[in-house]
Amino acid sequence: MESILYQLFIDDYDITPKPDKKQQQLARQILGKWEKIEAALGLEFVNHLAELEGEQEDWRNYQYFRSGFRLGIRLILEALG
C-alpha cells in the first residue's frame, strides 16, 4: 500500500467513495423508477430531466467545493495567526 501523500504527488489518489450495499440497492430502485418514468413520458423528457439534474448537481458540488476551500483557508489563517 502506497502512502496517500505519494498518491497525491503522482496524481493517482481517487477520492471517489465506493458505494456500499445500501447505495447499490438504492441505485437499482431509482433505475427502476426512471424506467417507469421513461415508459410513461418518453425518452426526450427523461433526458431533459437528467440534464437539469446534472446541472443542479454540478452547481451543488461547486458550492460544496467553494465552502470547503473557504474553510481550509480559514483554518490555515487560524493556525498561522
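Visitor: How many aromatic pairs does the structure hold?

Guide: The structure holds three aromatic pairs. Rings of Phe, Tyr and Trp (its six-membered ring) pair if their centres lie within 6.5 Å; planes under 30 degrees apart count as stacked, over 60 as edge-to-face and the rest as tilted. One of the pairs is Tyr-6 with Phe-9, whose ring centres are 6.4 Å apart and whose planes meet at 40°, so the pair is tilted. A word on the source: this is a predicted model, where local features need pLDDT of at least 70, side-chain atom pairs count only at pLDDT 80 or more, and totals for chains, interfaces and linings use all residues. Residues are numbered from 1 along each chain as its sequence is written, and side-chain values use heavy atoms, with hydrogens and water left out.

Visitor: Where do Tyr-6 and Phe-9 lie?

Guide: Both lie in helix α1 (residues 4-9), three residues apart, about one turn of the helix. Helices (H or I, at least four residues) and strands (E, at least two) are DSSP runs, numbered from the N terminus.

Visitor: What makes Phe-9 exposed and Tyr-6 partly exposed?

Guide: The cut-offs decide: buried means under 20% relative accessible area, exposed over 50%, and partly exposed in between (1.4 Å probe, protein chains only). Phe-9 has 68%, so Phe-9 is exposed. Tyr-6 has 41%, so Tyr-6 counts as partly exposed.

Visitor: What is the secondary structure of the protein?

Guide: The protein has three helices and zero strands, and along the sequence the pattern reads α-α-α.

Visitor: How does the radius of gyration of the protein stand against that of a compact globule?

Guide: The protein has 19 Å, whereas a compact globule of 81 residues would be near 12 Å. The radius is taken over C-alpha atoms, and the globule rule is 2.2 Å times the number of residues to the power 0.38. Along its principal axes the C-alpha trace spans about 60 × 30 × 25 Å. Buried residues make up 2% of the 81 residues.

Visitor: What separates Leu-49 from Leu-8?

Guide: Leu-49 and Leu-8 are 41 residues apart in sequence, and their C-alpha atoms are 36 Å apart in space. Leu-49 has its place in helix α3 and counts as partly exposed, at 26% relative accessibility.

Visitor: Why does the contact of Asp-14 with Lys-18 count as a salt bridge?

Guide: A salt bridge is a side-chain nitrogen of Lys or Arg within 4 Å of a carboxyl oxygen of Asp or Glu. Between Asp-14 and Lys-18 the closest N and O atoms are 3.5 Å apart, and the two form a salt bridge. By this rule the count comes to one. Asp-14 is partly exposed at 45%, and Lys-18 is exposed at 63%.

Visitor: Which residues form the nonpolar patch on the surface?

Guide: The patch is formed by Trp-59, Tyr-62, Phe-65, Phe-69, Ile-73, Ile-76, Leu-77 and Leu-80, with about 940 Å² of accessible area together. Patches are made of residues with over 30% relative accessible area and no salt bridge: like charges are joined within 9 Å, nonpolar side chains (Val, Leu, Ile, Met, Phe, Trp, Tyr) within 5 Å. Trp-59 lies in helix α3 (residues 43-80) and has 54% relative accessibility, so Trp-59 counts as exposed.

Notes. Accessible areas come from the Shrake-Rupley method with a 1.4 Å probe; for residues, only the protein chains shown count as cover.
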